[in-house]
Amino acid sequence: MGAAVVLGWLLLLLLLLVVVAPPATGARPCSPKYFGRDAMVCVCNATYCDTLDPVVLPAPGTYVKYESSKAGKRLERSQGSFQRSLRAPDLILTVDVTQRYQKVKGFGGSITDAAAINILSLPETAQDHLLRSYFSEEGLEYNLIRIPMASCDFSLHAYTYDDVPFDYELTHFSLQDEDTKMKASGSRIPLLHRALAMSKQPLSLYASPWTSPTWMKSSESFVGKGTLKGQAGDKYHKTWANYFVRFLDEYAKHNLTFWAVTAENEPTAGLINNYPFQCLGFTAEQQRDFIARDLGPALANSSHRHIRLIILDDNRIQLPHWAKVVLEDEEAARYVHGIGIHWYLDFIGPIQDTVVPTHELFPDYFILATEACIGAHFWERDVILGCWERGNQYSHSILTNLNNYVTGWTDWNLALDLEGGPNWSKNYVDSPVIVDSSEGVFYKQPMFYHMGHFSKFIPEGSQRVGLVASKQSKKTELEYTAFQRPDGAVVVVVLNRSPQNITFGLADTVGLMAAVAPANSIQTYLWQRQ
């Protein structure tokens, strides 16, 4: 009797442990909110936010899958095993690590004044949830952050770091409250330090100027058509080059070092009459000469001589022409490391006609996607909460870029408000995170999770490898890519933008697996090779 009672108590205790003990995983699920059918966001506030577990490689012979879908999954994790053989579906994707392509720099977004204002408008614990969602192991593990050098359209007003006329010595150069003030409503430097503290890997910061001080410009205005006064090699160009160095000096005083600078954000914008926000025009020839005579030497002779210099930072339609003009000039080319591309005119500049020939001509220069957002075109709504299709657009762009030698992809504003701002010129757009400061909440959109299918699983240093479709099924609606990580594991991302489920197989040296890509879904597979 006594033994039976003890056994009973033990069973009860075990049952209680099963019920009470939290699950082994620390991931917290999405708290969903719908803005129409299938239009779902995940809600975060001061007390709750969905999280992910750190990535752990599965045991050899098994794989882990993460899935997000229009039907409501958000980076949902599951596991399975490779088989030695199976009834093969028509489409088999076979990993071929003998085909090796570009190495990855990374993925990330931009801390504009607007992004900082929105993040800092939340209660402090909600701010931490937002930053952790992007930068920590329980989030997307972004490793790239782009920072405007002074103001852009996503600022409350136009300003530079030296608006005192004809200050050629830059004696009045100083960072603004938008950069430094801990209590300012949108201060970037404290946010950068918080992001760095949350990240387990180094973050690569890169900066882009929108405009020089007006006294250096032919237009004497922040906006509209205008270039630097004079020509390369003169006092205006030298002062503008030194302005870059001063910016890097001032951020270094705040313990922030930059991986790269771009020579100018969208240099062709300043060649357009009545351009509505901050810009500074350069033709390819003007950028070539400014780099060769002014910017290149200024950086090389500074304490920031190891910084990478990125040209173009504009729509890829300018390629390969822009790269040819700058990089076929030996004086300019010696200072340049990479080429930045924006996505806004991709629909009239196919990647095969722009990026691919550029890579073939200049294989030693990296190509990085430096800006993208939805809502910028006049025919697009600014913010659409919960829009799955906008997530699809991000993933389609990222896959197309990665499959054509691009080394990484940078989103635009990390966070915006319900209107898609603030933006002093009312150029409102969408963002993966939308903040409703009146409620103390932020919404993680489908775009956010689409970004995570790449950023969390394809770390810096990963190399794209072959992923070969079986002969009988060259035509498929699936889009896919494969990478081998620095730890040797393989990552495959599969996007299905179609309204039908698609069956396929994945094959590697470890075996075969049968898989289904549900309608309107994105999946990331991860496994160890043998």
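# Reading contacts, sheets and helix packing

Reader: Leaving aside its neighbours within four places in sequence, which residues is valine 95 in contact with?

Author: Contact means heavy atoms within 4.5 Å, and, with neighbours within four places in sequence set aside, valine 95 is in contact with Val465, Gly466, Leu467, Val490, Val492, Ala507, Asp508 and Trp527. This is a predicted model, in which local features need pLDDT of at least 70 and side-chain atom pairs count only at pLDDT 80 or more, while totals for chains, interfaces and linings use all residues. Residues are numbered from 1 along each chain as its sequence is written, and side-chain values use heavy atoms, with hydrogens and water left out.

Reader: How many residues apart along the chain are valine 95 and glycine 466, and what separates their C-alpha atoms?

Author: Valine 95 and glycine 466 are 371 residues apart along the chain, yet their C-alpha atoms are separated by 5.8 Å. Valine 95 lies in strand S5, residues 92–103; helices (H or I, at least four residues) and strands (E, at least two) are DSSP runs, numbered from the N terminus.

Reader: Is valine 95 buried or exposed?

Author: Buried means under 20% relative accessible area, exposed over 50%, and partly exposed in between, with a 1.4 Å probe and protein chains only. Valine 95 has a relative accessible area of 7%, and is therefore buried.

Reader: In what order do the 9 strands of the open sheet stand?

Author: Two strands pair if DSSP finds at least two bridges between them, and here 9 strands form an open sheet with mixed pairing, in the order S4-S3-S22-S19-S18-S17-S5-S20-S21. Strand S4 (76–81) and strand S21 (511–517) are the edge strands, each pairing on one side only. Neighbouring strands of this sheet are turned against each other by 30° on average, direction ignored. Within the sheet, strand S17 (residues 463–469) and strand S18 (residues 478–484) pair in the antiparallel sense over 3 bridges, and glutamine 463 stands opposite glutamine 484 in S18.

Reader: Which strands does H12 touch where it packs on the sheet?

Author: H12 touches strand S3 (62–69), strand S19 (490–496) and strand S22 (521–527), and its direction makes about 20° with that of S22. Helix H12, residues 446–455, is mostly covered, with 10 of its 10 residues buried; among them are Pro446, Phe448, Tyr449 and Phe454.

Reader: How should I read the packing of H6 with H7, and at what angle do they pack?

Author: Two packed helices are described by the angle between their axes and the distance between the axes. The axes are lines fitted to C-alpha atoms, for helices over the stretch in contact, and angles run from 0 to 180 degrees between N-to-C directions. Helix H6 (residues 235–253) and helix H7 (residues 284–300) pack at an angle of about 30°, with their axes 9 Å apart. That makes H6 roughly parallel to H7, since angles under 35 degrees count as roughly parallel, over 145 as roughly antiparallel, 65 to 115 as roughly perpendicular and the rest as oblique. In H6, residues including Trp240, Phe244 and Leu248 take part in the contact, which on the H7 side includes Phe290, Leu295 and Leu299. By class, this contact of H6 with H7 has 9 nonpolar, 2 polar and 3 charged residues, where Ala, Val, Leu, Ile, Met, Phe, Trp, Tyr, Cys and Pro count as nonpolar, Asp, Glu, Lys and Arg as charged, and the others, Gly among them, as polar.

Reader: At what angle do H3 and H5 pack?

Author: Helix H3 (residues 124–135) and helix H5 (residues 188–198) pack at about 55°, with their axes 9 Å apart, and H3 and H5 are therefore oblique to each other. Their contact divides into 5 nonpolar, 1 polar and 4 charged residues.

Reader: How many residues of S13 are buried, and which strands pair with S13?

Author: 8 of the 8 residues of S13 are buried, so this strand is largely enclosed by the rest of the structure. Strand S6 (residues 106–110) runs parallel to S13 and is joined to it by 4 bridges, with glycine 106 opposite glycine 408. S12 also pairs with S13 in the parallel sense, over 2 bridges, and here alanine 369 stands opposite tryptophan 409.

Reader: Where is asparagine 401 found?

Author: Asparagine 401 is found in helix H11 and is buried, with a relative accessible area of 3%. Leaving aside its neighbours within four places in sequence, asparagine 401 is in contact with Arg316, Ile341, Ile351, Val406 and Trp409. Ile351 is also one of the buried residues of helix H10, residues 351–361, and what covers the buried residues of H10 includes helix H11 (388–402) and strand S13 (406–413).
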